[in-house]
Amino acid sequence: MLFLGCIKEVSDYELVVGLPNGLSGFVPVTQISDAYSKMLSKQVAQGELLEDLNSLSDMYSPGTLVRCIVTSVEKSADGRRSIKLSINPKKVNKGLNASALASGMLLSGFVSSMEDHGYLIDIGVSGSHAFLPHQKAQNYIKAVKRGPDLKIGQNLNCVIVEVKNEGRVVRLSIDRSEVAASLATEKQNWTLSNLLPGLVVKARVQKVAPLGIKVSFLSSYTGIVDFMHMDPEKSMNYSPNQVMKACILSVHPTSKVVRLTLRQSFLHPGGSPHQLSNGRMGAVVEESTVKAFYKQFGAIFELDDGTLAFARLKHLSKTRKSFKPGAFKAGCKHKCRIIDYSLMDEMCILSLKYQVIEARILQYQDIHTGDVVQGKVFSLKPIGMQVKVTDGIRGLVPSMHLADVILKRPEKKYSIGDQVRCRVLECNPGGKKLILTLKRSLVQSKLPVLSNYEDAKPGLITHGFVVCAKEFGCIVKFYNDVKGLVPKNELSSEPISCPDKVFHEGQVVKVMVLKCEPQQERLLLSFRLSSKSASEEKKECTPQQKHEVKYQIGEMVDVKVLKKKHNGLEVSILEDKGNVIGWIPTAHLSDFIVNCKLLWHCLQEGDVLPRVMCLSDKGEHITLSRKSAVISAVQEEQVVKSFSEIQPGMVLTGYVRNVMPFGVFVEFPFGVTGLAPKMSMSDKFVTDTKDHFVVGQTVIAKVMSIDEEKQRVLLNLKVSECSSGDSAAESFALLDRYFKEMKEIRNLLRRTGEPSMARGLCELVPGKELQLVVQDVKEDGSALFSGNCVTGLIATATRYHLGDKNIVPGEKTKALVLHVDALTSRVYVSLREELLKQRPKQVCVQRTPSTLPSCST
């Protein structure tokens, strides 16, 4: 399909072209002309820049009209359609042949070479050589002011001045006055097979309808002028048989439907449509008046400055169900926002959706370096992850910036559609370039954003990330590609002989500016944030000083275990080189109380725990948590930061602070506390509150009521009240987390205690079938067992789990593992036949002494 389009944007590799009816298409750099493509190929083959090869921005500018042809319509991953175009004259003018060329014709041509007396022009007609003399080009060159000569690959509106040898030789003119006065006539032998967009014709009105006008032109052809392309000042005054100028907008190749425009800007070839005034894009119009409503398309509005605008049907209301046609009668007023501008329709495109009107980000210009933005994961690629910020804005998170550490398998952490919170590293609206980071240390940083060298004043402390660690020091990068050097002597108060062994690429660091030369873009930095000497720093590094660094609630850090105490772990925070001490209570090692003591037992001094969250930073006491449910609630902002934010009906994640006879006190992140009375603790009847909850237990609570005067919150802990509705999904998610944590515990067990015992504990999982020997039968009916699979462990079964069997010491029997208590080294088993029959066959096989016992399925 052939279109007349208008260039909206120019980049190094493509042209963005506005099409009629608010559409847009893309012209790749390889679809300009054959001569330009040949030069591109030559440059690639030689591997160096060619002097006579001009960039697209040197030859094209926004507002220029071009003839184009649709080469393909592609569907993107998010369902949006992308129109690929070509302006190559061999494709646009393919309906023409040499014998059809006639004097006065207006064609698209491209400069293919420069000669002594003029230019050879590629008009895409096989067997025809077109020449443009210098004198017919001077007027255009002076007006355009793009240099002393035309450039190879430059698009031109050409009028045929003379045709010789049956079209084999053609002389052209691009004189602006001749082009502007050109008019397509019957004498030029135009047919429906070679008719081109951009031609100006004399049209006669045949029929006037609410959605447009039917016209005839060039004697025998008919076309349509839709409601968006009638002259706004004359739209109500058209009448049958009226004759006027019209410009062809599009030609359909199969149906031969021709669409035209009556707008004044297009009635003189070589002209340019009206642009949107600066500052109007994204503007909110408090009152826009409905001029006309078209039930299949949308509505025309008059804005506060008198200009007309169009809103598509889908942008008139939030959903189709909420749409009310009665609200769009002529004269009705609505609040709207300008979301786009159609150059080919010379109209603003509006949206009446409140979420669009209130949106903080509408275009790239609304995003600034250092901003924190929300987005959805759009795609995962080897170079990084694409994030969709809005419908028309996408950013790239480079692989280095997917997390605080380099991820080898990012697909395990992120899935398509996941909501992510990023920080803008770089934003170039002109090139539609948006670079983001997901490094939590940068996203959550409260320090100043360093985005230009002028702001790098000596003494400034900020966050950056290491891009290079060499023997001379580290190169640290900030925002907008600002970077600086940390020399070797400024890496630490202690000498570091091999920086590349201590620092790694992508590591987030806190630095202080020592010196900056903005004009030379030189920046000298230091990791030593104090002006004191190394000996003074070492001397004053007391516990009181260690806790002066403040951490925000929800901030994620990596820690190293310093000391195990009876009620928790004392840890050092690695982000501050171990100078800051934190505390993880035993109950905060896991969401699962049964695993908390196990983890405390297995962890050793020197172990590193990644991704631990700061729960509170009161004075010298920094409390940390590994509860994944609490961490997720904070990261997804499903929390309340103060009493004033609490509303009845909210479902919040917290942990038990105290268990009393009359109820349970629950604490949430940021310190808000509520009470779940005894009657609201469980779906079952509660006799003793201590039988249902323990201190530190992770819970999901629903807010029942609040007392603002007494600052009290009443909660409900009943599972039936707090479930989101999909209880099966919630249960499986919890089980999945539990089993992943048990896998972590088994790995820790393998390195602690007696090797064979630890190995046995790790391999004994619930549901496993064992071959055991009865060791003893006790008076209460329970039994003890021995066997190769339980060496060093206590295997026991209660009277109920012996079933109907009358066992005696020394007897061999099959048993099923019910539960393994790693702390007491006890294995609870069952001999009941109904359990043994229902499980998949998994038998413990005894191998040779040199190998380990294993499980085969």
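**Ground rules.** I number residues from 1 along each chain as its sequence is written. Since the model is predicted, I take local features only at pLDDT of at least 70 and side-chain atom pairs only at pLDDT 80 or more, with totals for chains, interfaces and linings using all residues, and side-chain values use heavy atoms, leaving out hydrogens and water.

**Annotation.** I looked up the domains first. UniProt, in an unreviewed entry, puts "domain: S1 motif" at residues 1-88, 104-175, 198-263, 282-353, 370-439, 459-528, 554-627 and 649-718. Its positions follow the numbering used here, the feature names are shortened, and annotations may be inferred rather than shown by experiment.

I then checked two of these spans for helix and strand (DSSP runs numbered from the N terminus: helices are H or I of at least four residues, strands E of at least two). Residues 370-439 come out at 0% helix and 54% strand, with the end C-alpha atoms 13 Å apart. For residues 649-718 I get 0% helix and 50% strand, and the end C-alpha atoms lie 13 Å apart.

Next I followed strand pairing, which takes at least two DSSP bridges between two strands. I found a closed barrel of 5 strands in the order β16-β17-β18-β20-β19, with mixed pairing. Its twist averages 50 degrees from one strand to the next, using axes fitted as lines to C-alpha atoms (for helices over the stretch in contact) and angles from 0 to 180 degrees between N-to-C directions. Inside it, β16 (residues 284-294) runs antiparallel to β17 (residues 298-302), joined by 5 bridges. Thr289 has Glu302 of β17 as its bridge partner.

**Hairpin.** β41 (residues 769-777) pairs antiparallel with β42 (residues 783-786) over 4 bridges, and Val773 sits opposite Ser786 in β42. The two strands make a hairpin with 5 residues between them, and Gly781 in the turn has a positive phi of about 95 degrees. On to β43 (residues 794-797): β42 pairs with this strand too, antiparallel over 3 bridges, with Leu784 opposite Thr796.

**Cysteines.** How many disulfides are there (cysteine sulfur pairs within 2.5 Å)? I searched the whole structure and got 0. Cys474 is in none; its nearest cysteine sulfur, in Cys468, is 7.7 Å away. Buried or exposed, I asked of Cys474? Cys474 is buried at 0% relative accessibility (buried is under 20% relative accessible area, exposed over 50%, partly exposed in between; 1.4 Å probe, protein chains only). Cys516 has Cys474 as its closest cysteine, but the sulfurs are 19 Å apart, too far for a bond. Cys516 is also buried, with a relative accessible area of 18%.

Technical notes: Disulfide = S-S within 2.5 Å.
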